[in-house]
There are 4 protein chains.
Amino acid sequence: MVFKCSTELRVRLPETDAMGVVFHGSFFTYFDVARMDYVRNLGLIPRYLTGEGTNLIVHTSADFRAPARFEDLLVVRTRISKLGRSSLTFELRVEQKHDGSLVAEGGSVHVMIDPKTRRPVPIPDDLRQAIRAFEGSALAES
Amino acid sequence: MVFKCSTELRVRLPETDAMGVVFHGSFFTYFDVARMDYVRNLGLIPRYLTGEGTNLIVHTSADFRAPARFEDLLVVRTRISKLGRSSLTFELRVEQKHDGSLVAEGGSVHVMIDPKTRRPVPIPDDLRQAIRAFEGSALAES
Amino acid sequence: MVFKCSTELRVRLPETDAMGVVFHGSFFTYFDVARMDYVRNLGLIPRYLTGEGTNLIVHTSADFRAPARFEDLLVVRTRISKLGRSSLTFELRVEQKHDGSLVAEGGSVHVMIDPKTRRPVPIPDDLRQAIRAFEGSALAES
Amino acid sequence: MVFKCSTELRVRLPETDAMGVVFHGSFFTYFDVARMDYVRNLGLIPRYLTGEGTNLIVHTSADFRAPARFEDLLVVRTRISKLGRSSLTFELRVEQKHDGSLVAEGGSVHVMIDPKTRRPVPIPDDLRQAIRAFEGSALAES
C-alpha cells in the first residue's frame, strides 16, 4: 500500500483523556483533518465548501495499535483505495513521526450526494479523474 | 444570587485530559448545555432553532476553583443577571453534586441579532417578559 | 438482538458541525458514555476508576444511517455480545428517542490488561459472571 | 502590545458547530495550543511534561469579534504580559491569516504549583529569566 498524502499533527491536550493517552475518538478527528488535506491537495476544497461535492460518511472504523500521548508528533497517511459509482473509500494510517511506529489504522466510506435531495449521485468525472491520476494503479474501481 | 435553573452533568472521559482532570475548555461546553436548558425551560427552543432568537456570544469568562474528574456528577446553576436593549448576561456556577462544593464560575454576554443582517436587534418583548417573570427582582435591566 | 441497557443523550451544540448535523466522530463519544453507563449499571465503576479492570479499546467501527441534529434526544442501546479470554465486544445502536428510528450502529472490542505491564490478562471471574448474568443466553463466549 | 510568538491553525470540521461557525469554546483549545507553542518555543516543554513546571489555569476569558469558519487559516498571537510571584498572565489574539482581521481576543491566568501538594510555589528563577528575556520591557512584574 502506497500512501502519497500525509499530514502532520501534534497531539493537543484536549485530545487526550484522564487515562493519560489520546482519547480513541480523537483519531476520527485526525482522520477528518487528513482527508481534508487530501481533498485540498487535489485542489477540490473550494467546490466542497460550496456544497458541490457534498458527501456523507456512511462507515468508519479504526484499529488502535499503540497509545499516543500529549505533545506527540504524528503523521497521518491517507489514500483513496476504492472508487464505486457514488462511493469512495479512504484508508488511513497514523504513525509516530520520530520512528514511524504504527499508532492506529482506519478507514471510511463516503457517498457522494446531491446537497438538496441528499440522494446518491455519481462521482463527478473530473473528481474521478483527479483521484485516478493521483492514486495510479493501486486504485480499485467498480 | 439566586439560581433558579440547574442542569446535572456527568463528566465524560473525552472531557478530561492527560492532567487527569476536566480540561478547562470543557467547562464552556457545560455552560452551553446549561444555557440551552435554561432557554428550553422557558419554552423558547423551537424559536431558537428556526433562527428567530439568533444570538451571538460576544464574551465569556470562567474562574476555576477546584478540579473535576472523570465520572464526577456536576450541577451547573444558571441565571440571567442582566438584560440590555439587545444583550443579555448569563452567570453560571458549577458545583460537585455530592457536597455542593464550588468547581467553577463563569459568565457570558450574548447579543440578539437579525439572522440575515447579523446586526443587533432589540430583545423581543415576549422573551424579555419571560426572563423577567422567571428571574424576578434580581434581574438588572438597562 | 436484545439491548438491555440504554442511555439517553441530548445532542449538544459543540457535537454538531458546520454541515448542520452531528459530527460523525461525536458518536464515538456517545458510545463511550453508553459503555460507561453499562459498566456503572453492573456496579463496576469504582474498580474501573482505581485501575483494576483497566482495558484498552483495540477496535471500533460505526455505520451512520441517518443524520442527528442539535437538540435531538437520542437513545444509545448497549450490549456486550461476546466474551473472549481477555477481550469483550460491545454492540451499540443509536436511535431517535421520539420515533425509535435508527441513527447509527457501532461496535468496539476491548482487551483487559494489567495496568502496570499493559499485557492482556484474563477477564476476572466476577466480571465475567456479572456480564453473563446480565446478558443471558445471547452472549457468545469463547 | 507586541506578540512575539504566533501559531498557525486551520479550522477543523469538529471545531465548528451547526450555526456554521467555529464553536466559541473551540477558541480555548486554540489558546491552549498557542500557549504550548509558546512554552515549547522557550525550550520548556520537557520539564513541563515531567511535572516540574505544573501549573493550574485559574481564570480565562475571551471576546469574540468576528466568526471564523471551517477551513479558515488562523493565526494565534501569544504573549505573557504579567509575572507575579507564583502566577503568570497570557494574552492571546486570534486573527484571520489572509487579512490580519481580528477574530477573538483572550487571556488566562495560571498559578505555578507543586505537583504533589498542589500548593502555589514561586515561579522558578530560570523560567522567570527566560520569559523576561523573551518578552523584554513590555512584561509587567510584581
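Colleague: How much area is buried between chain C and chain B, and what share do carbon and sulfur atoms give?

Modeller: Buried area is the accessible area (1.4 Å probe) that two parts lose on being put together, summed over both. Between chain C and chain B that comes to about 1400 Å², with carbon and sulfur atoms giving 58%. Before we go on: this is a predicted model, so local features need pLDDT of at least 70 and side-chain atom pairs count only at pLDDT 80 or more, while totals for chains, interfaces and linings use all residues. Residues are numbered from 1 along each chain as its sequence is written, chains are lettered from A and ligands numbered from 1 in the order in which they are written, and side-chain values use heavy atoms, with hydrogens and water left out.

Colleague: Thanks! How many residues does each chain bring to that contact?

Modeller: Contact means heavy atoms within 4.5 Å. Chain C brings 17 residues and chain B brings 17 residues.

Colleague: And how many salt bridges are there between chain C and chain B?

Modeller: A salt bridge is a side-chain nitrogen of Lys or Arg within 4 Å of a carboxyl oxygen of Asp or Glu. Between chain C and chain B the count is four. R40(B) pairs in this way with E71(C), and their closest N and O atoms are 2.6 Å apart. On the side of chain C that touches chain B, the elements giving two or more residues are β1 (5-10), α1 (26-41) and α2 (45-49) of chain C. Here helices (H or I, at least four residues) and strands (E, at least two) are DSSP runs, numbered from the N terminus. α1(C) gives the most to that side, with six residues.

Colleague: Which classes do the residues on that side of chain C fall into?

Modeller: Ala, Val, Leu, Ile, Met, Phe, Trp, Tyr, Cys and Pro count as nonpolar, Asp, Glu, Lys and Arg as charged, and the others, Gly among them, as polar. The side of chain C that touches chain B divides into 10 nonpolar, one polar and six charged residues.

Colleague: What rotation superposes chain C on chain B?

Modeller: The general idea first: two copies of a chain are related by a rotation about an axis and a shift along it. Copies are superposed by least squares on the C-alpha atoms of residues with pLDDT of at least 70 in both. For chain C on chain B, the rotation is 180 degrees with 0.0 Å of shift along its axis (RMSD 0.0 Å). That is the relation of a two-fold axis. In chain C, the C-alpha of L9(C) is nearest the axis, 5.4 Å from it. Both copies use the same surface, since 100% of the contact residues of chain C recur in chain B.

Colleague: Now the other partner. How many salt bridges and how many residue pairs in polar contact lie between chain C and chain A?

Modeller: A polar contact is a pair of N or O atoms within 3.5 Å; within protein, one must be able to donate a hydrogen and the other to accept it, and residues adjacent in sequence count only if both atoms are side-chain atoms. Between chain C and chain A there are zero salt bridges, and eight residue pairs are in polar contact (both at pLDDT 80 or more). β2(C) gives the most to the side of chain C that touches chain A, with eight residues. By class, that side has eight nonpolar, six polar and three charged residues. The area buried between chain C and chain A is about 1500 Å², 60% of it from carbon and sulfur atoms. In chain C, H24(C), F28(C) and F64(C) lose the most area to chain A, together 28% of what that side buries.

Colleague: Let's look at one residue. Is S61(A) buried or exposed?

Modeller: Buried means under 20% relative accessible area, exposed over 50%, partly exposed in between (1.4 Å probe, protein chains only). S61(A) has 17% relative accessibility, so this residue counts as buried. S61(A) is in strand β2 (residues 55-64) of chain A. Not counting residues up to four places away in sequence, the residues S61(A) touches include H59(C), T60(C) and S61(C).

Colleague: And what does the side chain of S108(A) make a polar contact with?

Modeller: With the side chain of H110(A), at 2.8 Å. S108(A) is found in strand β5 (residues 102-112) of chain A and is buried, with a relative accessible area of 1%.
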